[in-house]
2 protein chains.
Amino acid sequence: MSEETRQRIIEAGAELIHKQGFNNTGLKDILRAADVPKGSFYFYFDNKEAFGLEVLEYYRHRFKQVFDDILRDDSRPALDRLRDFFSAFQTYFESHNYSRGCPVGNLAQEMSDLSGPFREKLQEVLEGLTTAHVYILTEAQKSGEVPTDLAIRDTAIFMVEACHGAIIRMKVTKSAEPLEIFYKFIFEKVLR
Amino acid sequence: MSEETRQRIIEAGAELIHKQGFNNTGLKDILRAADVPKGSFYFYFDNKEAFGLEVLEYYRHRFKQVFDDILRDDSRPALDRLRDFFSAFQTYFESHNYSRGCPVGNLAQEMSDLSGPFREKLQEVLEGLTTAHVYILTEAQKSGEVPTDLAIRDTAIFMVEACHGAIIRMKVTKSAEPLEIFYKFIFEKVLR
């Protein structure tokens, strides 16, 4: 039993859940992907729901890394950083043939009505995504790249969710078009 | 065996799938809710996937009724009709404590990577939602309520998906706030 094994189970589960959903991923699938026996899973996690919350924390952490790498690089104009941030996600989706979608948006859709603990954790993670956007919009406002009267928090919420919606359609059309339309409206209308 | 029984199974399944997802709804749940034996289900539907496609067609039909009732009422200004259309959905969500979400957006998120036939049907249904928005935006453009240079189809796609995203966050926060932010940005920024 080790922290490494625990992490391997989380990462294997995170990949499966991202690809096929939480309810659609059986414990057996996770055990097989992580190559651990059932007893090992229950040594680290009380049940599948508790495991799912750890997976969500893992997604949050991964997102924060991208956020720190790209959005906090203050050597570049804020809106350029925001464009790079979107591009990083588009590159990821392209490499997966526009499948999978946003792991957080997926679980928000699937789990928020089914589990109180999931909903609470999802609220925290969505708040994190929002805070990242508030950060970059505040930077953009300071440097005069967006209007001084832009309502930062509402804009951040609108952007995060319009992006979640665009990603849903991307999964259906299997094309970049919905993401491109999203970028266009954000930069040409919403941030003007 | 009757058309009425078939319809009862579809409606019972549509309600359950809307509430708890497709993979999370077992055949037993559907049989119990519709009060029919398993043989009756298989008389009407080849398998659960084929049934899911009929449920999606049912959602499409229900949406089209709201569309015809509200958006096609040409006695009123186009953007007023659009506001009423959004209000109708908000009232629905409010009455369900901001749970459930959009049945089409839910299945688009859950099923488009898991089933080719679902993805094809979802593409058709999303196209229908888009066409409804194209219709009302074209009306609004004719009457000078939106700018003449507004790119109608892209705007329609952006609106449908920004709405799907707002609905996801609504399910997490269990509040109208994400919908209200969506309306504000659509009317104050996107349609200007």
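Predicted model: local features only at pLDDT ≥ 70, side-chain atom pairs only at ≥ 80, totals over all residues.
Residues are numbered from 1 along each chain as its sequence is written, chains are lettered from A and ligands numbered from 1 in the order in which they are written, and side-chain values use heavy atoms, with hydrogens and water left out.

**The interface as a whole**

- Chain A brings 47 residues to the contact, and chain B brings 47 residues.
- About 4,100 Å² is buried between chain A and chain B, with carbon and sulfur atoms giving 60% of that area (buried area is the accessible area, with a 1.4 Å probe, that two parts lose on being put together, summed over both).
- Gln109(A), Arg169(A) and Val172(A) together supply 19% of the area that chain A buries against chain B, more than any other three residues.
- Between chain A and chain B there are 20 residue pairs in polar contact, both residues being at pLDDT 80 or more (a polar contact is a pair of N or O atoms within 3.5 Å; within protein, one must be able to donate a hydrogen and the other to accept it, and residues adjacent in sequence count only if both atoms are side-chain atoms).
- On the side of chain A that touches chain B, the elements giving two or more residues are helix H1 (3-20), helix H6 (103-111), helix H7 (116-142), helix H8 (152-173) and helix H9 (177-190) of chain A (helices are DSSP runs of H or I, at least four residues, numbered from the N terminus).
- H8(A) provides the largest share of that side, 15 residues.
- By class, that side of chain A has 18 nonpolar, 14 polar and 15 charged residues (Ala, Val, Leu, Ile, Met, Phe, Trp, Tyr, Cys and Pro count as nonpolar, Asp, Glu, Lys and Arg as charged, and the others, Gly among them, as polar).

**Salt bridges across the interface**

- Six salt bridges are counted between chain A and chain B (a side-chain nitrogen of Lys or Arg within 4 Å of a carboxyl oxygen of Asp or Glu).
- Arg169(A) and Glu161(B) meet through their side chains in a salt bridge, at 2.6 Å from N to O.
- Arg169(B) forms a salt bridge with Glu161(A), and the closest N and O atoms are 2.6 Å apart.
- Arg169(B) lies in helix H8 of chain B and Glu161(A) in helix H8 of chain A, so this pair joins two chains.
- Arg169(B) is buried, with a relative accessible area of 3%, and Glu161(A) is also buried at 3% (buried means under 20% relative accessible area, exposed over 50%, partly exposed in between, with a 1.4 Å probe and protein chains only).
- Leaving aside neighbours within four places in sequence, Glu161(A) is in contact with Leu126(A), Glu161(B), Ala162(B), Gly165(B), Ala166(B) and Arg169(B).

**Salt bridges within a chain**

- Over all chains, the whole structure holds 34 salt bridges.
- Arg76(B) and Asp84(B) form one at 2.2 Å, N to O; Arg76(B) is partly exposed at 30% relative accessible area, and Asp84(B) is partly exposed at 29%.
- Glu124(B) pairs with Lys121(B) in a salt bridge, with the closest N and O atoms 3.3 Å apart.
- Glu124(B) and Lys121(B) are three residues apart in helix H7 of chain B, so about one helical turn separates them.
- Glu124(B) is partly exposed at 43% relative accessible area, whereas Lys121(B) is buried at 13%.
- In chain A, a network of salt bridges links Glu57(A), Arg60(A), Lys121(A) and Glu124(A).

**A covered helix**

- Helix H6 (residues 103-111) of chain B is mostly covered, with nine of its nine residues buried.
- Among the buried residues of H6(B) are Pro103(B), Leu107(B), Gln109(B) and Met111(B).
- The cover over H6(B) includes H6 and H8 of chain A, along with helix H1 (3-20), helix H4 (48-71), helix H7 (116-142) and helix H8 (152-173) of chain B.

Conventions:
Contact = heavy atoms within 4.5 Å.
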